[in-house]
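Let's take a walk through a protein model together. Keep the picture open beside you as you read.

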Amino acid sequence: MKKMLAAVCACALIAGTVFAGGKKDSGVDNSLEELKTRGVFVLGLDDSFPPLGFRNESNDIAGYDIDLAAEVCRRLGVTLKCQPIDWAAKEQELNTGNIDCIWNGFTMTPEREQALSFSKPYLDNAQVVIVRGNSGIKTLADLAGKSIGLQAGSSAADAVEAAPEFKKSVKEIVEFKDNLTALMDLEIKGVDGVVMDMVVGNYSIKTSGKNFVVLDEHLSSEKYGIGFRKRDVKLRDEVQSVLEQMAADGTVAAISQKWFGADISVIGK
């Protein structure tokens, strides 16, 4: 398998209240033109969200979404800059112009679709519960009276809120900064289950070798999309067009095979 284009990812936060193009909002959609003039595409992410975007052994940001974005940027003739953000403040980071998009396992919800311009879905996902393999917990009902963990500001939190009977049944909901910390707490029996994205959970179990299992019951089904500012329609459409070209020529399938062992993308399908 050929190595995918390595993305140049930086951690420094871009300050200021102007947009990533360095220009104030004029109400006109110059998003694509401004991107190409500036030459840098700033991708906002949670850098502890494997396999979509995370720190590898060399402390570089890598992942499925990163490989997709790097190839999109190569075809657009711009440089990819990966910028870690506080996931709980992701929409604020976007709307104040610190980043050009949110691209990191970002679940499409009706509320988010009202506030942002989304690409078409590129991956299917679900919110699931991960438990210790020897816990005896087999169903969501078995978590009654027990504690669960989840990432603050995440779709997992939304899924629990949308399941009031399940939420009422658990003893405690503990919020963590990221999923990796939540899973560490699960391992030491700080919580009895962790609600998180199925794609991320399956990958974490496979690569860590920990004695975790995913419950068969899902809290919710969902889709991942790329979130742009509401007015940045031209930039969104160009990124979507390039992704569909990549799907047609087999590039997306190759990236998916690299990270998941199969083509699970829904781009152009």
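How exposed is Asp 263, given its relative accessible area? Please remember as we go that this is a predicted model. Asp 263 has a relative accessible area of 36%, so it counts as partly exposed. Its side chain meets that of Lys 269 in a salt bridge, with 3.3 Å from N to O. Lys 269 counts as exposed, because its relative accessibility is 66%.

Asp 263 also turns up in a database record. UniProt, in an unreviewed entry, places the feature "domain: Solute-binding protein family 3/N-terminal" at residues 40-263. In the model, that span is 38% helix and 29% strand, and its end C-alpha atoms lie 29 Å apart.

Let's stay with salt bridges for a while. Side chains of opposite charge can pair when their charged atoms come close. This structure holds 17 salt bridges. In one of them, Lys 258 pairs with Asp 67, and the closest N and O atoms are 2.8 Å apart. The two partners belong to distant parts of the chain: Lys 258 is in helix α10 (residues 251-260), Asp 67 is in helix α2 (residues 64-76), and they are 191 residues apart. Their surroundings can be described too. Lys 258 is partly exposed, with a relative accessible area of 37%, whereas Asp 67 has a relative accessibility of 8% and counts as buried.

Another pair is Lys 120 and Glu 244, whose closest N and O atoms are 3.6 Å apart. Lys 120 is exposed, with a relative accessible area of 52%. Glu 244 is partly exposed, at 31%.

Salt bridges can also share partners. Go back for a moment to Asp 263 and Lys 269, which meet in a salt bridge of their own. Elsewhere in the list, salt bridges with shared partners join Arg 38, Asp 100, Arg 229, Arg 231 and Asp 232 into one network.

On the α2 side, the contact involves Leu 68, Glu 71, Val 72, Arg 75 and Leu 76. On the α9 side, Glu 238, Val 239, Val 242, Leu 243, Gln 245 and Met 246 take part. Sorted by class, this contact has seven nonpolar, one polar and three charged residues.

Finally, turn to some details of the backbone. Pro 50 and Pro 51 are joined by a cis peptide bond, with omega about 5°. Pro 51 lies in the loop between β2 (48-49) and β3 (53-55). Asn 59 has a phi near 70°, a positive value in a residue other than glycine. You can find Asn 59 in the loop between β3 and β4 (61-62). Lys 189 also has a positive phi, near 70°. Lys 189 is in the loop between α7 (179-187) and β11 (193-197), and it is exposed, with a relative accessible area of 60%.

Key: Residues are numbered from 1 along each chain as its sequence is written. This is a predicted model: local features need pLDDT of at least 70, side-chain atom pairs count only at pLDDT 80 or more; totals for chains, interfaces and linings use all residues. Side-chain values use heavy atoms; hydrogens and water are left out. Helices (H or I, at least four residues) and strands (E, at least two) are DSSP runs, numbered from the N terminus. Buried means under 20% relative accessible area, exposed over 50%, partly exposed in between (1.4 Å probe, protein chains only). A salt bridge is a side-chain nitrogen of Lys or Arg within 4 Å of a carboxyl oxygen of Asp or Glu. UniProt positions are given in the numbering used here, feature names are shortened, and annotations may be inferred rather than shown by experiment. Contact means heavy atoms within 4.5 Å. Ala, Val, Leu, Ile, Met, Phe, Trp, Tyr, Cys and Pro count as nonpolar, Asp, Glu, Lys and Arg as charged, and the others, Gly among them, as polar.
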